[in-house]
Amino acid sequence: MDSTDSSSTSKTIRITDVDTLAMNTCVVRKDRQGHVLYVNDSFCKCFGREPQELIGKTDFDLLPENAAQSMIERDQNVMASGQGEHVIQCHVMADGSERYIEALRIPVFDEDNETVGIELAFWDVSKQKQAEKETQQAEFLLETLMKNIPDSVYFKDKQSKFIRVSHAQAKHLGVPDPSELIGKSDADYFGQEHARRAFADEQTIIETGESIVGKVERENWDDQEDTWCSTTKLPLRDASGDTMGTFGISRDVTLQMRAELELARERDLLKTITTNIPDIIYVKDRCGRFVTGNVATLKMFGLESVDELIGKTDYDFLPAEMACNFVADDQIVMRTGEAMLGQEESFQKSDGSLIWLSTTKVPLQGEDGEVMGMVGIGRDITQRKHADQELLAAKNSADSANRAKSEFLANMSHEIRTPMNGIIGMTELLSATRLDGEQREFLQLVRESSQSLLRLLNDILDFSKIEAGRMELEEVSFNVRDCVGKAVKLLTFKAEEKGLELAGRIDPSIPNQVVGDPGRLRQIIVNFVGNAIKFTENGEVVVDVNPEEMSDGSALLHFTIRDTGIGIAEEKQQKIFEEFAQADSSTTREFGGTGLGLTISSRLIELMDGRVWVESKAGSGTTFHFLVRLGVVADQTPKRPAELARLAGMLVLVVDDNSTNRRILEEIIRHWQMQPVLAESGQQALDIVTDFQGDGKEFGMILSDFHMPGMDGLEFAEALIEQGLDNCGPIVILSSSVSGLDPPRLRRVGVERYITKPVIASELLDVVLEVKGVDVVAKNSSGLLIPEVPTLSPRKILLVEDGLVNQRVAMGFLQKWGHDVTLAVNGREAVDHATREDFDLILMDIQMPELNGYEATEAIREFEKDSKTHRFIVAMTAEAMKGDREKCIESGMDDYVSKPFKPEDLQRVIELSGN
C-alpha cells in the first residue's frame, strides 16, 4: 500500500500484514538522518521483517522513493519545529482499496533539549473513518438539504416543539440562526389562531399516523400582515417505527414581500460586517469616483465620515504616480470585466507612511449585465512583507555563509593536500633506496600514517556527505588481521609516550579474508584507540575482536576497545556520540580534540549494519563496543601453507609479563600449528628452559618482551648465555618502543630480530619464517612493496607545477621511469612550451601564477583549432572536492589525478597518453 495524505494517493508500497496494522499500534524510532533505531513487534510483523533487518534502515530501504521522500520531509519538519504532528493518512492498497492510517510523530530530545530523532506511532482507523464518512455523508446531505432547499422544512417533537429546522424556515420566522428555534413552538412566533390550528393538526397526525398533504394554511402574525403557505406534514418515526413527532414542509406563497424583508436584513448584516472588518472595502463608479467605503477605508485616508469620501478619486488622496497606477488597474477591471485578485502593491497612508496591501478588485454589474463600477478590497500585508524581506535577507546571508564555508573547505583541502603530496611522494621515492630494516619500518609507519591522514581528510572535507548521511562504503577483499593490526600499530608511539601497553587480539576462528571497506574500518579503530590512549594515563589499551555471528558468506564481528583510563560517568555516556561533544567540556582544554571522531565512527558503524555502545564508570576505565557486518571470502587458504607446515609442532617459548599479550601470542602460535609455552617473567622463562633441556626438549624459537619488571628481555637473553642455555633457537624481541634496543648489544646476546608492538600476525609470520630460514619469498627487509618500474615506452611529458616539493616528487617518479620531462612553473610557460613543441602528455596543476590550469588549457585548446592537433592534458591538482573532477573535464582536460597522487594513477594516465 502507499502512504500518502488523505487527499492524495501514489504508487503501491509493501506492507505485508494489514490485519496486524488494524489491531495493533506500530512504533518506530529514528535518528535525525532517518535511520531506524527501534521498532516494536507490530511494526516488524506489519512489514514482514525481523527487527535486525529494520534497524539502521531508512524509509528509502522500506518504501518507494516518492513515499520515502514524503515521509522524510514530514520527519524533518517535525524535528525542525520541535512540535509533534498528528495526521490521518489515506493509503491505497495493492488491490486498489483504501485504508486510513492515523499517525503520530513526536520529536525525540536529548538531555540538552536538542532534537536527536523522531518517534512515529501509527494504527489503522479505516473502520472508524468509514463509519465517520457514512455519518458525515448522511449529515452532509441533510445539512445541504436544510441549508439550500427554498421551502421551510421542520421537525417537531410530540409537544410540537422544534427539534430541527431548515434555513428557509428560520428565515421565514425571522430567526438568523436555525439553532435558535430549537425548543420553541409556533406559538412563540405566529399569532394564536395559526398556532392553535397547527398544533391540532400535528397532534392528530401523531395519534392517527395519517399525513396531511398540500394543505394551504393562513399564517397570522401578531405584528405583521398575514402570509400564506402550502404545507405537507407527516408522522416522524424512530428506528423502531414508533411515532416521535412530526415532519413538515411549507412553501411560502408571499415571496416578493418576504424577499424584500430578507434583503433588508442582509443589507444590515453586510453593513455590520463591512463596518467592523479590518480590510478596506470600497465601491467606485465607472469614472473611478468613490461611491462608498467602510470604516477601514476612511481610516486609511484619514477621513471622519463617508461623506468626505463620496465623489472623490484616488488623485485627491494619493501621490500622482501612485494614484495613476491604481486608476489604471480600476479601468482594466471595468473595461475587461475580469477580476484582479491578490495583487500586492504599496500604499501611502494619510500620515505619509507606506504600507503594503494585497488588493482584489472585481467589476460591479447592473441588472442588465453592464459594468457600472467596481468593488475593491485591500488587506494590510505590511508585516508579512517585512517578514519576507527578513527571510530573504537571512537566506542570502545563509547562502553567503555556505559559499564561504565551501570555499574555505576547498582552499583548506588544496593547502593540506599539497604538502601531503610531498610527504607521500617522497616516501614512495625513499622506499626504493637502500635502507636498513629499522629505517624501513619507520618509513612504513610514515606512509601508513600519511595515508590514514589523507583518508580522514577526504572524509571530513567532504562535508556534504557527512551532513547528508550519504557516505559510500567500498566492497573489497582484505585481510582483517592486517587491517586491525596496522590500525592499532599506527598509535604505537602515542602509547609509548605515555608508557601504556597497547595490544590487539583477533579470535582465531575469525576468517582472514573478508569483504568490506578496510579504510573505514581502520578509521573507526584509530578513532576509538586514539581516544582511549588520550584519556588513559597508565595501564593498557586492548583491542579485542570476537565473532558475534558467523555464516558462510557473512560475519558479524564484535570489537571491544578496553582502557584503564579515567572512565565516563553514566549520565554522560550518550553525549559522547554527539557532534563536537565530549563527556566533560573541560576535557577539550586538557586533552584536546574536536569531539567529532566518535560521531563519524558511529555513523560509519551504522552504515556497516552495526551499532555502538559504551560501558564505563568514572575512574574505572572504559570499554567501547561496536558491531560491524563484513562479507567472508570463500577462499581462506592460509598464507604460505608449505613453509608453515615445515614448522608444525615446533616449541615456542613466549615470555611476557602482560597476560593479554601472552594470550594473543599463544592464539597466533597455536593457529600456526606450533606449541607455545608461556612464561610471565624472565626468571620463570629461565626455569622453564632448564627443565625442558633436562627432559631432552628443545625450543625452536623464543619470543620475549623487552620491558619486563625484574629482568628485561635483553637481560633474559644474557642470562641464557651465561647459564649455557643458549641452544633455544633464534630469539625475537617484542617491544613497544625501540629505545634501549642497541643493535650491537642485540647481536651480542643472540637476538636475531626485534618487532615493535602491537604484534601483527602477518609481520610476525614473516619474521618467524625468515629467522628459521624457511622464507622462500624474496622481499626487502621491512616488507615494504617497492614500486616496480613500469614497462611503458618513454614519453615526452610537460610537467606544469609551481610547487617545488611537488616538482621534485613528480619528476622523481617520471624520470625514474625513463620519461623525458620538461618543467613549466606557471600556466603561461605551459602555453609557450605546448605551442612550440609536441608532447605526449601534459600534467597540469590548477592553482598557479600568471595563468591557472583552466586558463592554460583553454589557451592550448584554442591553439589546437588551427594546428589540427590534440595534446593529452591531465589535471594533477590538490583540488579534490566534489565536482572538481567534472569541472576539469568540462574545461577541456582529458583526465584527472588528485594530489597526493598514487604511482599507479600516474602510470595509468601515462599509458592512456600513448593510445
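Which residues does Val909 touch, not counting residues up to four places away in sequence?

## Val909 and its neighbours

In this predicted model, Val909 touches Leu841, Leu843, Phe872, Val874, Asp895 and Val897. That list leaves out residues up to four places away in sequence. Val909 belongs to helix α30. Is Val909 buried or exposed? Its relative accessible area is 0%. Buried means under 20%, so Val909 counts as buried.

One of its contacts shows how the chain folds back. Val909 and Leu843 are 66 residues apart in sequence. In space, their C-alpha atoms are 9.4 Å apart.

## The chain overall

The protein has 915 residues, and 46% of them count as buried. It contains 30 helices and 33 strands.

Take the contacts between residues at least 6 apart in sequence. Of these, 60% join residues at least 24 apart.

## The five-stranded sheet

Strands of a sheet pair through backbone hydrogen bonds, either parallel or antiparallel. Here, 5 strands form an open sheet with parallel pairing. Their order is β30-β29-β31-β32-β33. The edges are β30, residues 820-824, and β33, residues 895-898. Each edge strand pairs on one side only. From one strand to the next, the twist averages 20 degrees.

How many bridges join β29 to β31? There are 4. Strand β29 covers residues 796-800, strand β31 covers residues 841-844, and the two run parallel. Leu798 has Ile842 in β31 as its bridge partner.

## Helices across the sheet

Two helices lie across strands of this sheet. Helix α27, residues 827-836, lies across β29, β30 and β31. It runs at about 135 degrees to β30.

Helix α30 spans residues 903-913. It lies across β29, β31, β32 and β33, where β32 is residues 873-877. Its direction is about 165 degrees to β33. Val909 sits in this helix. Among the residues Val909 touches are Leu843, Val874 and Val897.

## Helices α22 and α23

Two packed helices are described by the angle between their axes and the distance between the axes. Helix α22 covers residues 682-694, and helix α23 covers residues 713-722. They pack at an angle of about 30 degrees, with axes 10 Å apart. Angles under 35 degrees count as roughly parallel, so α22 is roughly parallel to α23.

The crossing of α22 and α23 is right-handed. From α22, the contact uses Gly682, Ala685, Leu686 and Val689. From α23, it uses Phe716, Ala719 and Leu720. By class, the residues of this contact are 6 nonpolar, 1 polar and no charged.

## Helices α15 and α17

Which residues of α15 and α17 make the contact? On α15 they are Cys483, Val484, Ala487 and Val488. On α17 they are Pro518, Leu521, Arg522, Ile525 and Val526. The contact of α15 with α17 has 8 nonpolar, no polar and 1 charged residues.

Notes. Residues numbered from 1 in each chain as written. Predicted model: local features only at pLDDT ≥ 70, side-chain atom pairs only at ≥ 80, totals over all residues. Heavy atoms only, no water. Pairing = 2+ DSSP bridges. Axes fitted to C-alpha atoms, helices over the stretch in contact; angles between N-to-C directions. Contact = heavy atoms within 4.5 Å. Parallel < 35°, antiparallel > 145°, perpendicular 65-115°, else oblique. Left-handed = near helix turned anticlockwise from the far one by under 90°. Nonpolar A, V, L, I, M, F, W, Y, C, P; charged D, E, K, R; others polar. Buried < 20%, exposed > 50% of the residue type's maximum accessible area, 1.4 Å probe, protein only.
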